[in-house]
Amino acid sequence: EGIAQFCDASLGTLSGRHWERIGAAWGALKAAVHFRSYARRLEKTIDALQPKMMYTNGLKMHALAVWINRARRPILWHVHDFVGLRPVMKHLLKRVAPGCAAAIANSESVARDLKHVCGDKLPVHVIYNAVDLARFSPDGPIADLDALSGMDRAPEGTVRVGLVGTLARWKGQEVFLKALAQLPADLPVRGYIIGGALYRTQGSQYDLDELRLAASRLGIGHRVGFTGYLEDPSTAMRALDIAVHASTKPEPFGLVIVEAMACGRAVIASKSGGAAEIIQQAGERAVKACKPGDVKGLSASIASLARDAGLRQRTGIAGRRACELYFDSSRLARQIGSVCESLISPRTSEMTLLFLNPTGQIGGAEISLLNVLSGLRLRQLNWRIHLITGAGGPLIPRARALGVDARALPFPRSVARAGD
C-alpha cells in the first residue's frame, strides 16, 4: 500500500510501456519512504496550532489529515476532483473516509462520484465554487497578450480568442489549436493559450514548447500566442473577445468558465460534468455549449461569435448577470461557514480553523480556497485561521494579505512529484 498510495496521477498518464510502469512504481516507493517523516513533522506543526477542525484541499491532504489525526479533530474534505477516476486513490479514500466528518463537493457530478466511492455514510454537501465579482469584472486592468506572447501587436479589428488554464493535457489545448486551424483564413482571429504548468506530476501536463510545435505543425504558429503563467488571469480575460473552455474530460466544476463570464466575455464551454451544470444554471444565452473534443463544433462556435460583435456583447452581458445571481463568493463563504459550524461542538464564537493545501501555486481549487478564506475572514472576525501548504508559492502571500497565518511545509521532492 505504501507504494501505491501516492502514484495515481503518475500511473494515470503512462503510455503502458513496461519500463514506464517500473519507473512510476520506483518513484512511488521513494515517496512512501519519505512520507512517514513528513507526516510526523506535519502532525507536530498542527498540534502546536491546536485547531478545532481541519479543512483539506487536494486528495493527498484528505488522506494525510486522517492518518495523522490522533487528536480526533473534525476533518472536512473539500473535493474538487472525480475521485473514482483515480484507480488507487479511490480505494485509499474509501478506506480513510470513516475518519472524515463531512465533505464538500464542488458540483453534483463530483458529489455522485464521491458517494459512489466512499458510500452513503459520508455526509456530502454540494456547494458550487464562486468568483470574486469585484476582481473578475468587465472593468479593470487589461493584459497586453501580444507583448506577453512575444508577438507584434495584432491589427485593428482582430478578434482575440483564448483558452485560460493550467497545461493539464485534458484541458483541451490541442482541441483548441485544431479548432483555430479550421477557421477560414480571412477571419481576423488571433488565438492565445494563457497559463502554465501548476503541478509537478510527471507526464500530466504539456509544456509550452510542445504546444508551440503543435501550432506550427497545424500551420497556425503565426496566429497563436503563448503567454505562460499569469498571476492575475482576470487581466487576460478582459483582453479577450471570446474565452474558450475545451476540456476533453468531464470537468469537476469549471471555475475558469465562471471567471470569464464574470468579466463579461463571450464564453464557449465543453458541456460535461460540472461545466454542464454551470451551463444549465446560467442558460445557453450566457454560455455557448460545445461537445467535449468536438473540433469542428468548437471551430464553428468560434467563427459564429467572431463574425458577430453584437452576439458577443449579448452573451457577455448575460454571463455577468448569471454570475451575480448564482456564483457570488459571499454565498460560497456563507455556505461553507455553516458547514464548519455544524461540525464543531460545543459551538463558540472564537475558533481556530486549519486549512491544508498540497501546493502553493494557484489553480482552480486554490482560487476557491482564497474565496473561502476571504469570506470567512469577513464573516467570522473572531476565528483564527491558519493555512499550511505542501510547497511555497503565490498562494501564501495572497492568504497572508487576507489576514491568514499561512506557511509552507514543503513536501519531499519524491512525494510532490508523485502527484495529487
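Which two helices have axes that come within 10 Å, and at what angle do they cross? I looked this up in a predicted model. The pair is helix H3 (residues 59–67) and helix H4 (residues 89–96), crossing at roughly 35°. I noted the hand of the H3 and H4 crossing as left-handed. From H3, I listed Leu 59, Lys 60, His 62, Ala 63, Val 66 and Trp 67 in the contact. From H4, the contact residues are Met 89, Leu 92, Leu 93 and Val 96.

**Sheet**

Next I traced an open sheet of 6 strands. Its order is S7-S6-S5-S8-S9-S10, and the pairing is parallel. Which strands stand at the edges? I found S7 (224–228) and S10 (288–290) there. Each has a single partner strand, so one side of each is left without a neighbour in the sheet. From one strand to the next, the twist averages 25°.

S9 (residues 266–270) and S10 pair in the parallel sense, over 3 bridges. Ala 269 has Ala 289 of S10 as its bridge partner.

**Helices across the strands**

Helix H7 (residues 173–181) lies across S5 (159–164), S6 (189–194), S7 and S8 (242–244). Its direction is at about 170° to S6. Helix H10 (residues 255–262) lies across S5, S8 and S9, and runs at about 165° to S9.

**Cores**

How many residues does the largest nonpolar core have? I read off 64. Tyr 55, Met 261, Val 287 and Phe 355 have the most contacts inside it. Leaving aside neighbours within four places in sequence, Val 287 touches Ile 257, Met 261, Val 267, Ala 269, Ile 279 and Ala 282. Another core, of 39 residues, lies apart from the largest one. Its members include Phe 35, Ile 68, Val 79 and Leu 409. As background, nonpolar side chains tend to be buried together in soluble globular proteins.

**Cysteines**

Last, I counted disulfides and got 0. The cut-off I applied is 2.5 Å between cysteine sulfur atoms. Is Cys 323 buried or exposed? Cys 323 counts as buried, at 0% relative accessibility. Cys 290 is also buried, with a relative accessible area of 10%.

Methods. Residues are numbered from 1 along each chain as its sequence is written. This is a predicted model: local features need pLDDT of at least 70, side-chain atom pairs count only at pLDDT 80 or more; totals for chains, interfaces and linings use all residues. Side-chain values use heavy atoms; hydrogens and water are left out. Buried means under 20% relative accessible area, exposed over 50%, partly exposed in between (1.4 Å probe, protein chains only). Two strands pair if DSSP finds at least two bridges between them. Helices (H or I, at least four residues) and strands (E, at least two) are DSSP runs, numbered from the N terminus. Axes are lines fitted to C-alpha atoms, for helices over the stretch in contact, and angles run from 0 to 180 degrees between N-to-C directions. Contact means heavy atoms within 4.5 Å. A nonpolar core is a set of buried Ala, Val, Leu, Ile, Met, Phe, Trp, Tyr and Cys residues joined through side-chain atoms within 4.5 Å. A crossing is left-handed if the near helix is turned anticlockwise from the far one by less than a right angle, and right-handed if clockwise.
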